[in-house]
Amino acid sequence: MDDLLLRVEKETAGQSWRKPGETIVAAVSGGPDSMALLHMLKELSERDGFLVVAAHVNHRFRGAEADGEEATVRQVAEGWGIVCETAAIDVPAYIAATGKNPQSAAREKRYEFLREVARRRGAGTIALGHHADDQAETVLMRILRGTGIGGMAGIPERRREKELELIRPLLRITKHELLEYGARNGIPHVVDSSNAKTHYFRNAVRLDILPMLEKYNPRLRPALIRLSELASAENDFMEAEARKALERTAERRGDGWTIDRRGFRGLHVALQRRLIKLILSCLENENEPADFERVEEAAAAISSERTTGCRIDLGRGWTVLCEYESAFIGCAPALTSGFSYSVSGPGTDAAVPEAETLFRFRWFTGSSTSPAEFRREAFFDAADLRFPLTIRSRLPGDRLEPHGLKGSKKVQDMFVDAKVPRLRRDSVPLLADADGRILWIPGLRRSRHAVPNDATAATVRVTAESLRDNRE
């Protein structure tokens with residue numbers, strides 16, 4: 001067995017795509033790298049019993065040259081007994097319609113086709129021909145553009161994409177090694193003339209910048225590859241720590257995330273940035289990195305000791321809202337115009353979507369008549385309740401007569417004391433009776449009206465549950 005093939009065989013041993021009966025799609029451009037990959041997969045499939053499908057995209061950038069590449073890939077694959085699927089996609093027309101740059105547009109359409117072929121053929125894996133030189137170029141390109149540890153990690157060797165796994169078995173093999181492998185095994189390939197055009201950034205890095213820098217460090221490519229491996233390991237560690245921090249300090253809420261600012265301040269600044277990036281990646285395209293300026297602005301606002309409210313527009317429809325010891329990142333909640341729901345009596349459920357709360361009214365037959373204020377339930381003496389009850393949003397001048405205290409207190413002042421964010425106050429539900437008296441504000445306080453006692457003959461139990469939990 002060829003030494004390079006033996007190396008790939010050892011490095012991929014135990015991976016699921018090599019099991020008998022599995023199918024793997026190989027992305028084949030026709031160049032020496034992807035043709036070497038296709039040959040290696042063919043050799044391994046003959047030993048292991050998995051099926052290889054070649055997939056080629058003609059982007060219609062180079063006319064007859066691109067047509068020739070497509071014909072070559074099909075001819076070689078069929079000669080090797082490999083199923084070959086091709087697609088001619090008018091990428092120039094797509095670029096004209098979307099305004100995307102040529103390389104991004106071509107990549108998007110190419111990956112769409114690869115995923116389509118994988119689904120149609122029942123493949124769980126797509127193999128790509130990126131090699132070590134591609135990795136070195138990618139890391140240098142990202143450094144030149146400005147990047148962090150995640151960017152320096154470069155191209156991942158394996159990545160899951162929903163039900164598919166993308167693998168790059170050649171990522172530790174140099175271009176020179178692949179050319180020698182192709183020559184030893186008589187593997188045909190084509191040369192893409194556009195690879196010589198330095199107006200593409202990657203080509204400029206490959207043809208001009210790397211050779212110039214190698215005058216100062218002849219071992220620059222291996223150094224960049226080593227940097228990517230170190231950065232990849234550290235990035236994986238930091239991502240895992242950021243996910244732990246997310247679980248400890250943040251909670252998904254509607255179209256965004258709420259963050260405990262005290263917990264956030266206790267994180268190292270590196271984890272603060274990671275947590276913000278992780279939240280933004282959940283809200284947006286996870287493959288699109290968050291702007292450094294946006295991350296810094298959000299982290300600074302959330303970690304600030306200032307408790308007065310602040311609002312920061314992050315762009316792309318996302319907002320940071322800070323008030324007291326809570327922060328929210330996401331789509332700014334729409335202002336509630338007010339709500340009111342009538343409750344005829346026990347045995348009734350009332351959904352209040354504005355408050356994401358489900359109220360349940362039930363007869364209570366337990367022995368406890370304690371008026372203790374629970375955050376999500378309250379008990380009332382049925383004889384003192386005036387039905388119908390009403391679940392509504394606050395109104396100007398609302399007051400509640402707190403249980404255990406004399407007099408009354410403004411609901412507005414209670415919200416301030418409890419540090420309820422301004423933007424949430426209009427969505428907090430109030431339970432009132434037919435006389436308009438406020439009986440209970442879930443999570444805050446109950447009134448002294450209709451408090452059960454030893455003489456109570458019938459008790460009504462009211463619970464306030466998460467509407468989202470009940471939907472699940």
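Helix 6 is mostly covered, with 10 of its 14 residues buried. The model described here is a predicted one. The buried residues of helix 6 are Ala-132, Asp-133, Asp-134, Gln-135, Ala-136, Glu-137, Thr-138, Val-139, Leu-140 and Met-141. Their cover includes helix 7 (149-152), helix 8 (175-184), helix 9 (201-213) and helix 10 (220-249).

The helix takes in residues 132-145, and at 1.5 Å a residue its 14 residues should span 20 Å; the end C-alpha atoms lie 20 Å apart, which agrees. After helix 6 comes Gly-146, which has a positive phi near 100 degrees.

| Partner of helix 6 | Angle | Distance between axes |
|---|---|---|
| Helix 9 | about 90 degrees | 10 Å |
| Helix 10 | roughly 75 degrees | within 8 Å |

Take helix 9 first. With an angle of about 90 degrees between them, helix 6 is roughly perpendicular to helix 9, because angles of 65 to 115 degrees count as such. On the helix 6 side, the residues that meet helix 9 are Asp-134, Glu-137, Thr-138, Leu-140, Met-141, Leu-144 and Arg-145. Helix 9 brings Phe-201, Arg-202, Val-205, Arg-206, Ile-209, Leu-210 and Leu-213 to this contact. Sorted by class, the contact of helix 6 with helix 9 has eight nonpolar, one polar and five charged residues.

Helix 10 is next. Its axis and that of helix 6 cross at roughly 75 degrees, which makes helix 6 roughly perpendicular to helix 10. From helix 6, the contact draws on Ala-132, Asp-133, Gln-135, Ala-136, Glu-137, Val-139, Leu-140 and Ile-143. From helix 10, it draws on Arg-221, Leu-224, Ile-225, Leu-227 and Ser-228. By class, the contact of helix 6 with helix 10 holds eight nonpolar, two polar and three charged residues.

The rest of this report concerns the whole protein. The protein has 16 helices and 22 strands. Its radius of gyration is 32 Å, well over the 23 Å that the globule rule gives for 472 residues, so the protein is more spread out than a compact globule. Along the principal axes, the C-alpha trace spans about 95 × 50 × 45 Å. Of the 472 residues, 46% count as buried. Among contacts between residues at least 6 apart in sequence, 69% join residues at least 24 apart.

Conventions. Residues are numbered from 1 along each chain as its sequence is written. This is a predicted model: local features need pLDDT of at least 70, side-chain atom pairs count only at pLDDT 80 or more; totals for chains, interfaces and linings use all residues. Side-chain values use heavy atoms; hydrogens and water are left out. Helices (H or I, at least four residues) and strands (E, at least two) are DSSP runs, numbered from the N terminus. The expected span of a helix is 1.5 Å times one less than its number of residues. Buried means under 20% relative accessible area, exposed over 50%, partly exposed in between (1.4 Å probe, protein chains only). Contact means heavy atoms within 4.5 Å. Axes are lines fitted to C-alpha atoms, for helices over the stretch in contact, and angles run from 0 to 180 degrees between N-to-C directions. Angles under 35 degrees count as roughly parallel, over 145 as roughly antiparallel, 65 to 115 as roughly perpendicular and the rest as oblique. Ala, Val, Leu, Ile, Met, Phe, Trp, Tyr, Cys and Pro count as nonpolar, Asp, Glu, Lys and Arg as charged, and the others, Gly among them, as polar. The radius of gyration is taken over C-alpha atoms; the globule rule is 2.2 Å times the number of residues to the power 0.38.
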